[in-house]
Amino acid sequence: MRRQHPLTIVVSYLTLLFLYLPLFGVAVFSVNDARRGLVWKGFTLKWYVKLFQNEWILEAAVNTLVLALVSTLIATVIGTLLAIAMDRFPWRPEASSVLDLILHIPVVIPDIILAAALVVTFGLLRMISTIFEPGLLNMIISHITFQIAFVTLVVRSRLVAIGRDVEEAARDLFASNWYLFRRIMLPLLMPGIVAGAMLAFTLSLDDFVISFFTAGPQSQTLPLYIFAAVRRGVTPQIHALSTLVMLATVGLVIMMERMTRRQEKKEEPDVPSAQIDTHGISGQPWPMTPNPCKEL
Amino acid sequence: MKTKPPDSILIWFGELTTRRHLLKRGMLLLMPGMLWLMLFLVLPGLVLVLVSVITRGAYGQLEWVLTLENYRRLAGFSLFGWTADYLMILWRSAVVAFVTTLVSVLLSYPLCFFIAGRPQRTRYLWLTLVIIPFWTNMVIRTYAWFLILSPQMPIARLAAYLGIIAQGAPLYPNAFAVYLGMVSIFLPFVTLPLYASVERLDWSLVEAAKDLYASPVSVFTQAILPQTMPGLSVGIILTFVPAMGVFVVPDLLGGAKYMLVGNLIQQQFGPSRDWPFGAAISMGLMVLTLLGIMVYRRRGKDLETV
């Protein structure tokens, strides 16, 4: 093992401390038995109990999950089809570069611009139909829009990585289109699809700006609720809620970690191109290779 | 496969078919995604451009009268003469995004080397420590700083003791709090992609540079930087772009005096209800962001060819 400069080690520990100190602060004060202020008054779990009696919070939690699940499901299907369409057909180079450009828009512009553009568009669409009133439907549409880009990029990198040899062999053995898709492509693509779906799901849970712009009075999500509550003044209940959301995040990360590692183990022996890993390097839940931002 | 007549027969990866037939099937798969992106990404973009050159009515409604007034206002011209207020906000956002990215890069390199140097067995645990904040909601992480910087906490007490702030005052809202929040939020966005490159670093090149008596600076610029450029580029884009449009952090930690362009846009779509002006600011932000990426790409190309 390489010897490391002590400064590297010190800076790293301090950086990690810098990342975690505020989060620990929230967790500690979520079990503090004081209604106001930040003076330690003893251990309690009552804020967590109160949390589950708060109808607003429960409703926001349901909204958050419905939004993430529905948008992820739709974006994964559409994104996967789009990735296959873009990678497996002989498009003219100009056509595919235009598609590519559109796909990269959500990566290279700040999300507040997409949020603004969608608000204005929904505003105009309201002249045609009332279903575009601010609310959950608008939020779902908005989330799908940025999720599609990320799902497509992840699935497409998987398509490149698996190559076309198996497909070609199946064709030679007279596989039909449907058989090829169902029995050959889908199983090979699955890790990419799952990785894309997980990325989309977490992006949806994490989003604040786009939800903030498109939400209506009946469609609060947890991040929106926390934001509004902080502006009114923090309460121990919000500490407790935030701590639960953080714990859920930790759980989700560990789950993703497990899945990608298991997948890596499974693939190593028989897929020689395993080093062109598409679902993140050493368990990173990010489409690192081929790099989605490289061809900007 | 290029420049063949559209209906020629070809063997496309084991399938005997014609080009037209293939593209028809491709179109079918392409349709849902393309329609969606056209309707909810490209069209809204065009609508935003359009709305930025029309007039706001007295009650915040849109009046379809073409004007460049919104851009004039953004440039600082009004009935009362010229002020640099809006341009200052744009400039400040660019500075904040740049400094945030720079500090994140400076902190990420040691952190990546540290993680890459851990034994194989525990390495992914250390990496997970960076992934968790990466996925933790931004609102929560911002408000966590809100908590840490509040008057009763040791940091604010220490600052008050040193006479930096008044007794019993919080350490926000100010520029310091914004930077603290920004760096802690965006740091993992640099660290994770950078780590992907650092993990594959060919250390023999670094050793070779050292053997040839390269100074530590040139070891970094000649042996390490070119090799980690792919990961670094992703990290810089993933940080700079959202940092330009950030809204939660300055809203909670910056206050009115340290407004960034994200807050300004939100104001137009929220309380002020001035969509055309909000659209014009969004266009300004977009131009500035793309300009930043272009400048970086040019500089980055220079670096890569070193």
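Here are legends for several close-up views of a predicted model.

Residues are numbered from 1 along each chain as its sequence is written, chains are lettered from A, and ligands are numbered from 1 in the order in which they are written. In this predicted model, local features need pLDDT of at least 70, side-chain atom pairs count only at pLDDT 80 or more, and totals for chains, interfaces and linings use all residues.

**View 1. How confident is the predictor?** Let's start with the scores: the model gets ipTM 0.88 and pTM 0.87. Chain B has a mean pLDDT of 88, with 95% of its residues at 70 or more; pLDDT is the predictor's confidence in each residue, from 0 to 100. Where pLDDT is low, the predicted coordinates should not be read in detail.

**View 2. Chain A is built from helices.** Chain A has 11 helices and 0 strands. Helices (H or I, at least four residues) and strands (E, at least two) are DSSP runs, numbered from the N terminus. Of its 296 residues, 46% count as buried, meaning that 20 or more other C-beta atoms lie within 10 Å of a residue's own; 12 or fewer makes a residue exposed, anything in between partly exposed, and the C-beta atoms are placed from the backbone.

**View 3. Zooming in on A:Ile184.** You'll find A:Ile184 in helix H8 (residues 177–206) of chain A. A:Ile184 is partly exposed because 17 other C-beta atoms lie within 10 Å. Leaving out residues up to four places away in sequence, A:Ile184 touches A:Val166, A:Glu167, A:Ala170 and A:Ala175; a contact means C-beta atoms, placed from the backbone, within 7 Å. Now look for A:Arg231: its C-alpha atom is 53 Å from that of A:Ile184, and the two are 47 residues apart along the chain.

View 4. Strands S1 (residues 9–12) and S2 (residues 15–18) of chain B run antiparallel, joined by 4 bridges; strands pair if DSSP finds at least two bridges between them. B:Ile9 sits opposite B:Thr18 in S2(B). There are 2 residues between the strands, and B:Phe13 in this hairpin takes a positive phi near 50°.

**View 5. Where chain B meets chain A.** Here, 83 residues of chain B are in contact with 80 residues of chain A. Helix H1 (residues 19–51) of chain B gives the largest share of chain B's side, 19 residues. That side divides into 62 nonpolar, 17 polar and 4 charged residues. Ala, Val, Leu, Ile, Met, Phe, Trp, Tyr, Cys and Pro count as nonpolar, Asp, Glu, Lys and Arg as charged, and the others, Gly among them, as polar.

Conventions. Contact = placed C-beta atoms within 7 Å.
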